[in-house]
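Thanks for making time, everyone. Let me put the structure up, and then I'll walk you through a few parts of it.

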Amino acid sequence: MKDFKEIKIQNLVKYYGNRKVVDNFNLTIKNGEFITLLGPSGCGKTTILNSIAGLIPIDGGSIYIDDECIDDGKRFIPPEKRNFGMVFQNYALFPHLTVFENVAFGLRIRKVPPSEIRERVINALRMVHLEEHIDKYPRQLSGGEQQRTALARCIVTEPRLMLLDEPLSNLDALLRIEMRYELKAIHEKLGITTIYVTHDQQEALALSDRIVVLNKGKIQQIGTPEEIYSYPRNLFVAHFLGFRNIWNVDVIHVKDREIEFKLGDFILNAVLNEKYKEHIHNSIRDKKKLYISIRPEDIKIGEGPINSLEMRVEVMEYLGQVRQLWGYINGNIRIEISTFEKIILNPGDKIKIYIPPERILVFPEEDVQ
Amino acid sequence: MKKREFLTVFLLLLPVLIYFIFLFVYPFIYGLHLSLTNDEGKFTLANFIRFLTDPWDANTIWITLKIAIPATLLNVLIAMPLAYYMRHGIKGEKLISFLLILPITLGSVFVAEGMLTYMGPNGWLNKILMALKIIDKPYRFTHNYLGVLLALIIQGFPFVFLMLLGYISGIDPTLEKAASILGASRWYIFRRIIFPLWMPGIAMATSLNFVMNFTVFPSAVLLGQPSGPTRVISIAAYQWAFEKFDFHMASAIAIIMGLVELIFILIVMLIRQRFFKIVATSGGKG
C-alpha cells in the first residue's frame, strides 16, 4: 500500500462562500518526501491539508496517487478508505480510551489480530517514548505526551501519507524544539511521505525537504529550505523568512549584475544574483518600481568599503546572543539591525553601518503582495 | 485573613443555603416525618403498609410505570437520531429550537386543552385521517392511555432533545475526523466514539425525563381516564391529601414516588457505568 511513486495535486480550488481560499494549488510530492506548507494564518494551508485528507469537498482540480484518483470532484475516496494518517493541532485523542486503545484504534478497524496489535502499539509507543504511559487516559498526560500519543496513533497504521496540522503550536518553546527533532527522527526512520502545515519558518526550515510558501490561497514559492531562505522569489516570501528593511528605491544605473540606486540621500550598490538578473533587467526596462530588502543580521556595524550609512538608534533590545537595534537612516527611513557585537547604545546615538552589496535583494513592485 | 475568607464564602453561599434548607430539606424532612407517623404523632409504618397492600392504590405504581417508562424511552429514542444529525448545527436550527421550546413554555394544561380539540372526535387530526381514508370513523386519541402518552411525548420530547443536543454538540468534532482518517466508518465512529462520550448526557436526560413523566398529573387527569386506566400515583396522593384529608398517607405516597424514581435513576446509572467500563477497556473485539 505504501509503495507509490508520487502524489499529484493539480489545480486544486476551494471556495468558502464567494471567497477563493485555495487558488490553483499544484504540487507533486515524491514518495518519502517531507513537504511543509508555510504561510500566515488564513493563507489556506489547513484547507489544503483537509482537502487532501478528504475531510472537506474540493471545488476544482484533482488529487492522484500515481494512477489512482483520490478526488477529482466526481470520483471521491472517503477519508476512511485513503489510508492516510493525520495529527491535529488539538491532538483529537479519544478521551474515553487509554493511550493503548487510542493507538490501537486504527488497527482494530483493520481487524489486525490482537497479538499483533499489542506488538505494533508497543513499538509505536516506544518510538515516541511513551511505553510507561500505556494504560493512562489522555487527560492524565501532559501536552507533550498527548502530542506523542497522537503521533503514535498516526504512524502505527503505516499510512501512505501523513498529514500534520500545526502539531507543535500548542507546546511551549522548549518542548516544541524537542518534538521537532523527534518528528524529524521518526520521518528519517520510517520514511512516511509527510505534509506538514505550519506558520513557523523555523519549523519549516528545520524539517522539510521542500517548502511551499502560501499567501492568500496562492503558492508564492516552492523550493528547498535553502532556496527559500536564500533566494525568496518575492517580497512576501522574503518578509516571511526574515527579510526586513524593505525600501522603495530609484535605480540610477544598471550593468549586468551590478546595480546602483538611490535611497533617500544615499547611493547604494547591490550585486544581483544570477537567478534574479534577467527578471530585474526586464523590470527596469519596463520602468517598474523597485524595492530592496535586507536581513537585519546582514547589516554590519562600522565603516565599510561601500554602502556606508549613518543610523540614529531609537531602541536597543538585548536578546542574549544578539542585540536588536531599531532606528532611522536619512532622518525618516526605518531600519532594523541585529548584531553579535557587544555594544551598548542609548537612544539618539548615531552609529556608522554598512550593507554588503551581495546581501541586498531587489524585487520589482508586482511581486509585492 | 482565614476568617475573612470563610465569611465571604459563607455569605456567598447563604442564598443557596436558605433556598435549599427552606424549599427542599425542611419540606422533605417534614414529609418524611408525616409519612412515618399517625394522627397521634406516634411512629408507624402503617401508612406504607396500607398503601402497598391495597390493590387499588398499589396498582397506581404499576400504572404510572406503564406510562412513564414507554414515554421516556420513546422520547430518548426519537430525540437521539435527531440530535445526532443536528450535532454540528444545521440551517434553520433557531426556528426548530423555537418550535421545540414552545410546548415547554405553554405548560401542560394548555397543551392538553389543545390536544383535546385537535385530536378529539371532531378534531382536525381525525378529519384529515378520515379524508385520507386511513380510518373510516373517528379514532380515540384522548381520554385514554394513548392521550396521556402523547401528551408526555409532546412536552417531554423537546426537553430531552435539547438536553441531548446540548451534550452531543459539546463533543469535539475533530474526534470524528481523526477516527475517520484512521479508517472508521460512520457507524463505527458512532458506536466507538460518539455514543460512549454521549452516554452521560443520555443517562441524565433519561433520568430527568423519567422523573417528569412519573410525576405526571394534569395530563393524566385531562387527557386520560383518571378513575381507571390512567389513575397514576400522583392522583392517588392527591386524593388522599385533598379528598380524604389524610396527609400522613399522602406523604407516604410521595415518599414511595421518590423511592421509585431513585430506583430508576440507580438502574440507569448502573447501566451507564457498566457500559462505559466495557467501552473504556474494550478488549479484543473490535
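**Strands, helices and a contact**

I'll start with a pairing: strand β19 (residues 350-354) of chain A is joined to β15(A) by two bridges, and the strands run antiparallel. In that pairing, Lys300(A) has Tyr354(A) in β19(A) as its bridge partner.

Some housekeeping. This is a predicted model, where local features need pLDDT of at least 70, side-chain atom pairs count only at pLDDT 80 or more, and totals for chains, interfaces and linings use all residues. Residues are numbered from 1 along each chain as its sequence is written, while chains are lettered from A and ligands numbered from 1 in the order in which they are written. Helices (H or I, at least four residues) and strands (E, at least two) are DSSP runs, numbered from the N terminus, and two strands pair if DSSP finds at least two bridges between them.

Back to that pair. It belongs to an open sheet of five strands in chain A, ordered β15-β19-β16-β17-β18, with antiparallel pairing. The edges are β15 (300-301) and β18 (333-339) of chain A, each pairing on one side only.

Chain A also has an open four-stranded sheet, β2-β1-β4-β5, again with antiparallel pairing. Its edge strands, β2 (19-30) and β5 (68-71) of chain A, each have a single partner, so one side of each has no neighbour in the sheet. On average, neighbouring strands here are turned by 25° against each other, direction ignored. Eight bridges connect β1 (residues 6-16) of chain A to β2(A) in the antiparallel sense, and Lys14(A) has Val22(A) in β2(A) as its bridge partner.

Now, how many of the nine residues of helix α1 (residues 45-53) of chain A are buried? Eight are, so the helix is largely enclosed by the rest of the structure. Buried means 20 or more other C-beta atoms within 10 Å of the residue's own; exposed means 12 or fewer, partly exposed is in between, and C-beta atoms are placed from the backbone. Among the buried ones are Lys45(A), Ile48(A) and Leu49(A). Just after α1(A), Gly54(A) has a positive phi of about 90°.

Two residues other than glycine have positive phi as well. Glu158(A) has phi near 50°; it sits in the loop between α4 (143-155) and β7 (161-165) of chain A and is partly exposed, with 17 other C-beta atoms within 10 Å. Asp256(A) also has phi near 50°, in the loop between β11 (244-255) and β12 (258-263) of chain A, but Asp256(A) is exposed, with 9 other C-beta atoms within 10 Å.

Over to chain B. The axes of helices α3 (residues 55-85) and α7 (residues 145-169) of chain B come within 7 Å and cross at roughly 40°. Axes are lines fitted to C-alpha atoms, for helices over the stretch in contact, and angles run from 0 to 180 degrees between N-to-C directions. α3(B) and α7(B) are therefore oblique to each other (under 35 degrees is roughly parallel, over 145 roughly antiparallel, 65 to 115 roughly perpendicular, and the rest oblique).

Last, the chain contact: 22 residues from chain A and 21 residues from chain B, where contact means C-beta atoms, placed from the backbone, within 7 Å. On the chain A side, α2(A) gives the largest share, five residues.

Key: Two residues are in contact if their C-beta atoms, placed from the backbone, lie within 7 Å.
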